[in-house]
Amino acid sequence: MTESKFTPRVFSGIQPSGNLHLGNYLGALKRFVDMQGPDMETVYCMVDLHAITVWQDPKELMHSTRELCAGFIAAGINPEQSILFNQSQVPEHAQLAWIFNCVARMGWMQRMTQWKDKAGKNQQNASLGLFAYPSLMAADILVYHATHVPVGEDQKQHLELTRDIAIKFNNDFGVDFFPITEPVIEGAATRVMSLRDGSKKMSKSDASDMSRINMTDDAETIAKKIRKAKTDPDALPSEVEGLEERLEARNLVNIYSALSDQTPEQVLAEVGGKQFGEFKPMLADLAVAKLSPISSEMARLMNDQAEIDRILARGAERARQITVPILRQTYEIVGMVGAGQN
Ligand code: AMP
Ligand code: TRP
């Protein structure tokens with residue numbers, strides 16, 4: 001954004017649908033933690049309204065939402081500093097999404113690759129919410145006037161759509177009200193791939209549990225999954241160019257580099273020439289050392305659900321101090337009678 005009148009503010013969200021995995025951690029959570037600091041206000045959300053665009057068992061949804069909150073805190077999000085809450089407790093997200101449903105065009109939504117992937121061949125039977133999902137995501141971000149959004153690579157297209165919605169709204173109403181958001185897609189692990197197939201991203205929905213490392217996996221399981229990860233027979237190269245055609249090798253090096261806060265170049269300077277038989281145990285040790293403290297802290301936090309619920313309620317209250325005035329101003333711009341008075 002050029003010459004912004006908007007104060008820098010970070011927003012991001014994760015869906016409470018199933019387990020957190022290493023891709024969520026390296027592509028999103030760990031970077032949310034890195035962005036916490038005195039220079040920027042940080043707002044992080046468990047997007048339960050997004051999760052129900054595909055069927056969720058109500059009990060499991062509640063459990064996943066609390067577990068995700070525990071995951072945020074265990075990974076290093078400080079709920080005193082960041083605003084941490086679940087989306088449904090802040091009704092302005094859904095209210096602004098409706099306005100954006102009237103700004104965004106059908107054609108924009110139809111182009112979304114995530115829609116095409118998730119709805120598959122059966123678009124007629126997908127929920128209307130799944131189709132409108134990116135409009136709710138734009139509302140999540142813009143109801144805070146957020147300027148920076150850390151996400152994994154798979155969310156890039158949704159962030160471009162968020163910019164399009166902000167631009168169209170500003171143009172349609174002749175205002176400079178919504179900021180043009182910057183995606184923050186950085187680091188070695190913006191796209192962590194499946195451990196079984198280096199051309200597919202690591203995902204919650206993969207049928208094989210061996211394809212991903214869950215944040216709740218114990219040390220033995222993590223080590224086993226890495227030992228069995230698909231690789232090729234060659235030794236590791238000393239330069240990153242040597243990884244170009246080697247999807248699985250590149251993925252493991254990227255994971256190592258993100259976990260150790262090094263660049264892939266630095267990692268290869270250390271491990272270039274080694275066989276996987278030697279590198280995999282190094283990676284397993286590193287992953288266990290970084291992830292085990294998080295999973296045990298998650299389990300500890302889950303013992304006190306009342307405390308988690310208090311944190312989420314308090315986060316929602318803080319969030320609404322931002323969202324209520326922004327929604328009110330939006331309503332005024334759009335021409336809703338009464339918006340100026342409440
Ligand atoms: P989701 O689980 O779809 O709500 O994703 C939450 C966050 O994790 C988003 O910022 C995604 O871009 C990120 N993410 C999900 N899968 C991966 C992956 N395999 N590699 C990197 N980031 C990911
Ligand atoms: N769509 C994101 C995902 O599936 C989750 C999400 C919802 C999000 N709202 C957001 C991410 C706002 C960043 C900002 O991963």
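Start with the largest pocket, which holds about 1,300 Å³ of space. Its volume is the space filled by probe spheres set on grid points, joined across faces, edges and corners. A pocket here is an open set of points on a 1 Å grid over the protein atoms alone, where a 1.4 Å probe fits, with protein on both sides within 12 Å along at least five of seven lines; lining residues have an atom within 4 Å of a point.

This is a predicted model: local features need pLDDT of at least 70, side-chain atom pairs count only at pLDDT 80 or more, and totals for chains, interfaces and linings use all residues. Residues are numbered from 1 along each chain as written, chains are lettered from A and ligands numbered from 1 in written order, and side-chain values use heavy atoms, without hydrogens and water.

**Stop 1: the lining.** Select Gln15, Gln114, Asp154, Gln155 and Lys201. Of the 46 lining residues, these lie nearest the pocket centre. Now colour α1, which gives the largest share of the lining, 5 residues. Helices are DSSP runs of H or I, at least four residues, and strands are runs of E, at least two, numbered from the N terminus.

**Stop 2: ligand 1.** Ligand 1 sits in the largest pocket, meaning that more than half of its atoms lie within 2 Å of the grid points. Its shell has 17 residues, with Gly152, Asp154, Val192, Met202 and Lys204 the closest. A shell residue has a heavy atom within 4 Å of the ligand. Helix α1 (residues 22-35) gives the most, 4 residues.

Next, look at the polar contacts (pairs of N or O atoms within 3.5 Å).
- Asp154: a polar side-chain atom is 2.4 Å from a ligand 1 oxygen.
- Asn24: a polar side-chain atom is 3.1 Å from a ligand 1 oxygen.
- Met202: a backbone N or O atom is 2.9 Å from a ligand 1 nitrogen.

The protein covers 91% of the 490 Å² of accessible area that ligand 1 has on its own. Such areas use the Shrake-Rupley method with a 1.4 Å probe.

**Stop 3: ligand 2.** Ligand 2 also takes space in the largest pocket. Which helix gives the largest share of its shell? Select α7: it supplies 4 residues. Gln15, Tyr133, Met137, Asp140 and Gln155 come nearest among the 13 residues around ligand 2.

- Asp140: an N or O atom is 2.7 Å from a ligand 2 nitrogen.
- Gln155: a polar atom is 3.0 Å from a ligand 2 nitrogen.
- Gln15: an N or O atom is 3.1 Å from a ligand 2 oxygen.

Methods
Polar contact = N/O pair within 3.5 Å; in protein donor to acceptor, adjacent residues only side chain to side chain.
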